[in-house]
Amino acid sequence: MSFNCIILDIQDQIATISFNRPKALNALSNELFDELDQAVGQIRNNKEIKVLILTGAGDKAFVAGADISELAAMDALKSKFFSKKGQDVMGQLETLPIPVIAAVNGYALGGGLEAAMVCDFIYASEKAVFGLPEITLGLIPGFGGTQRLARLVGNNMAKELIFTGKSLTAAEALEVGIVNKVCPPESLMDEVMSTAVKIARMGRVALRAAKETVHYGSQVDLETGCKIENDNFGLCMASPDAKEGTSAFLEKRKPEFKGELF
Ligand code: CAA
């Protein structure tokens, strides 16, 4: 299926969604959210795909936020629905059962940073710029940014960034823990792809269990988190992948994970 505002590419078990509205620095419009929702649904139902990469088309922006021209025309109720729609699509991305990597190639502002934060981790180009500038528009982040940034960098750092709307360079984003790795612009996609290929070699069952355990475990107390880990550890052992992985180790060979989902 072809889209107007995003590009979906699937190759060798790795899907890539590129935000693609270059004239608006890939800003998140209503139409883009509809398409993103469809693409994420396709990926969720495609049992071949093991990793998703999110990036921005062009060399200037990952996503420069929600589409401000659309926002400016909304009344309070429409903007509440738009925020909820954005939150729901972000939630769909965040709960995909496969690892999702953000390759942030330029501006990741407002909704752009919010989209990057629902990924499991972020690699950034040296040219990337991060921030939640909604306050400069008289707004607050509306696609989960107030919640996810605080969880990622702590309440105080999140409040400073949200109250001032200031931007961080890629190096600063690395320092505060938003980003895992900063790469020269020309090697960003190679670095992300190399990590994606490494992950795609792992067993699907264990990848899903690891993702869900960290995700849901981080929202509960330690004891409950360890209980989730304990259950998912047992589920992994019930999968053929765990038999294959442990046998391969003992037989001194590389494992070949077939990976059925539980
Ligand atoms: N929405 C709509 N259009 C946007 C946009 C956005 N978020 N960001 C950039 N554009 C458009 C510009 O209007 C401009 O269009 P024209 O050529 O038709 O004038 C084009 O993209 C290029 O942008 P600039 O000329 O501004 O490029 P620049 O290099 O001078 O500046 C920038 C780049 C610093 C990213 C600047 O464009 C900017 O500040 N953008 C807005 C960032 C922002 O405030 N994001 C938060 C949005 S609100 C939000 O996200 C709410 C939410 O959480 C729910």
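These are some numbered notes on a predicted model, taken region by region.

1. Ground rules. Residues are numbered from 1 along each chain as its sequence is written. Since this is a predicted model, local features need pLDDT of at least 70, side-chain atom pairs count only at pLDDT 80 or more, and totals for chains, interfaces and linings use all residues, while side-chain values use heavy atoms, with hydrogens and water left out.

2. Helix α11, the buried side. Let's start with α11, residues 240-250. (Helices are DSSP runs of H or I with at least four residues, strands are runs of E with at least two, and both are numbered from the N terminus.) Its buried residues are Asp241, Ala242, Glu244 and Ala248. They sit on the same side of α11 because they cover an arc of only 165° around the axis. (Buried means under 20% relative accessible area, exposed over 50%, and partly exposed in between, with a 1.4 Å probe and protein chains only; the arc is that of the directions from the helix axis to the C-beta atoms.) As background, an α-helix has 3.6 residues a turn, so residues three or four places apart point the same way.

3. Helix α11, the other face and the cover. Turned away from the buried side is a face with the exposed residues Lys243 and Leu250. What lies over the buried residues of α11 includes α9 (204-217) and α10 (222-237).

4. Glu244. This one is in helix α11, and it counts as buried because its relative accessibility is 18%. Its side chain makes a polar contact with the side chain of Arg253, at 2.8 Å. (A polar contact is a pair of N or O atoms within 3.5 Å; within protein, one must be able to donate a hydrogen and the other to accept it, and residues adjacent in sequence count only if both atoms are side-chain atoms.) If you leave aside neighbours within four places in sequence, Glu244 is in contact with Arg253, Lys254, Pro255, Glu256 and Phe257. (Contact means heavy atoms within 4.5 Å.)

5. Gly245. Also part of helix α11, Gly245 counts as partly exposed at 22% relative accessibility. It touches Pro255 and Phe257, not counting residues up to four places away in sequence. Gly245 and Asp231 are 14 residues apart in sequence, and their C-alpha atoms are 19 Å apart in space.

6. Two positive phi values. Lys252 lies in the segment after α11; its phi is positive, about 55°, although it is not a glycine. Lys252 is exposed, with a relative accessible area of 77%. Asp12 is another non-glycine residue with a positive phi, about 50°. Asp12 belongs to the loop between β1 (6-11) and β2 (14-19), and it is exposed, at 70% relative accessible area.

7. How α9 and α10 pack. Two packed helices are described by the angle between their axes and the distance between the axes. Here α9 and α10 pack at an angle of about 170°, with their axes 9 Å apart, which makes α9 roughly antiparallel to α10. From α9, the contact is made by Val205, Ala206, Ala209, Thr213, Tyr216 and Gly217, and from α10 by Gly225, Ile228, Glu229, Asn232 and Cys236. These residues divide into six nonpolar, four polar and one charged. (Axes are lines fitted to C-alpha atoms, for helices over the stretch in contact, and angles run from 0 to 180 degrees between N-to-C directions; angles under 35 degrees count as roughly parallel, over 145 as roughly antiparallel, 65 to 115 as roughly perpendicular and the rest as oblique. Ala, Val, Leu, Ile, Met, Phe, Trp, Tyr, Cys and Pro count as nonpolar, Asp, Glu, Lys and Arg as charged, and the others, Gly among them, as polar.)

8. Asn105. Look for Asn105 in the loop between β5 (100-104) and β6 (107-109). It counts as buried, at 11% relative accessibility. A polar atom of the Asn105 side chain lies 3.2 Å from the backbone oxygen of Ala61. Leaving aside neighbours within four places in sequence, the contacts of Asn105 include Thr55, Asp59, Phe62, Ser125 and Leu188.

9. Glu126. The loop between β7 (121-125) and β8 (129-131) holds Glu126. Glu126 and Ala170 are 44 residues apart in sequence and 5.6 Å apart in space, C-alpha to C-alpha. Not counting residues up to four places away in sequence, Glu126 touches Ala170, Val182, Cys183, Pro184 and Pro185.
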